[in-house]
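Hello,

Please load it first, then read the notes below it.

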Amino acid sequence: MRASRGRPPASSREVLADAACELFLEQGYEATSITEIARRAGVSRSSFFNYFAGKSEILWFVFDGRIDALLGALDDPAQPLADALAVFAAGEAPDTLALAIVDARTMGVEQELAAGRAARQLRIGTAIAHRLERDGTESVRAAVIGAGYAAALVTAVWEWADRGAGRHPLDRALDDAIAVAREVLSAPSN
């Protein structure tokens, strides 16, 4: 049996993410090339693409993993919505994203974060709405509820990062945001 060569995939992703964040802080997001990130991480440019499709994915890969887990849970008709939402709170903390949120201006990633946040919030909201519609909720109501929960999840991640990601548990911030969304979405209108 031959020993495997190179870094394990998880550590290579982390090394690339760390190298990218260092460079984004030093010279800005737009000025940083994939070649420079790969060089700083000690891998080839082609190896970079084994882990990431592009620079923006570096910021989002852990967060996107949480979205993928949520979508899988939403697809399971036996799993209640509350349990599916809780799946988003489990897993690895999106530390690279948190760093980008806190240092957005220095890194020059404000536009990337705004566009990525909007796209991901829409993706989450749409998936929740589809789940609710499948379960019999009228489409407009499902869309509003889905958008509300998506806003809660994404806002919780931003708040967690702003408060000091390493000092506060993300799962608690997400639980609190889901509770607020549940309360607001079920409140009678005045």
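**Charged pairs**

Arg40 has a relative accessibility of 36%, so it counts as partly exposed. That class lies between buried (under 20% relative accessible area) and exposed (over 50%), with a 1.4 Å probe and protein chains only. The model is predicted: local features need pLDDT of at least 70, side-chain atom pairs count only at pLDDT 80 or more, and totals for chains, interfaces and linings use all residues. Residues are numbered from 1 along each chain as its sequence is written, and side-chain values use heavy atoms, with hydrogens and water left out.

What does Arg40 pair with? Its partner in a salt bridge is Glu22, with 2.9 Å between the closest N and O atoms. This pair ties distant parts of the chain together: Glu22 sits in helix 1 (residues 9-27) and Arg40 in helix 2 (residues 34-41), 18 residues apart. A salt bridge here is a side-chain nitrogen of Lys or Arg within 4 Å of a carboxyl oxygen of Asp or Glu. Helices are DSSP runs of H or I with at least four residues, strands are runs of E with at least two, and both are numbered from the N terminus. Glu22 is also partly exposed, because its relative accessibility is 39%. A network of salt bridges links Glu22, Glu26 and Arg40.

How many salt bridges are there in the structure? The count is nine. In general, side chains of opposite charge can pair when their charged atoms come close.

Another of them joins Asp68 and Arg123, at 3.1 Å from N to O. Again distant parts of the chain are linked: Asp68 belongs to helix 4 (residues 55-75), Arg123 to helix 8 (residues 110-134), and 55 residues separate them. Both ends are partly exposed, Asp68 at 43% relative accessibility and Arg123 at 36%.

Asp176 and Arg172 form a further salt bridge, at 3.5 Å from N to O. Both lie in helix 10 (residues 170-186), four residues apart, or about one turn of the helix. Asp176 is partly exposed at 40% relative accessible area, whereas Arg172 is exposed at 53%.

**Helix 2**

Which residues of helix 2 are buried? They are Ile34, Ile37, Ala38 and Ala41. Gly42 follows helix 2 and has a positive phi, near 80 degrees.

**Whole chain**

The chain has 10 helices and zero strands. From the N terminus, the order of elements is α-α-α-α-α-α-α-α-α-α. Along the principal axes, the C-alpha atoms fill a box of roughly 55 × 45 × 30 Å.

Of the 190 residues, 41% count as buried. Among contacts (heavy atoms within 4.5 Å) with a separation of 6 or more, 65% come from residues 24 or more positions apart. The accessible surface is about 10200 Å², and carbon and sulfur atoms hold 52% of it. That area comes from the Shrake-Rupley method with a 1.4 Å probe; for residues, only the protein chains shown count as cover.

There are 20 positive and 26 negative side chains, and the centres of the two sets lie 5 Å apart. Lys and Arg count as positive, Asp and Glu as negative; His and the chain ends are not counted. Each charge is placed at NZ of Lys, CZ of Arg, CG of Asp or CD of Glu.

Best regards
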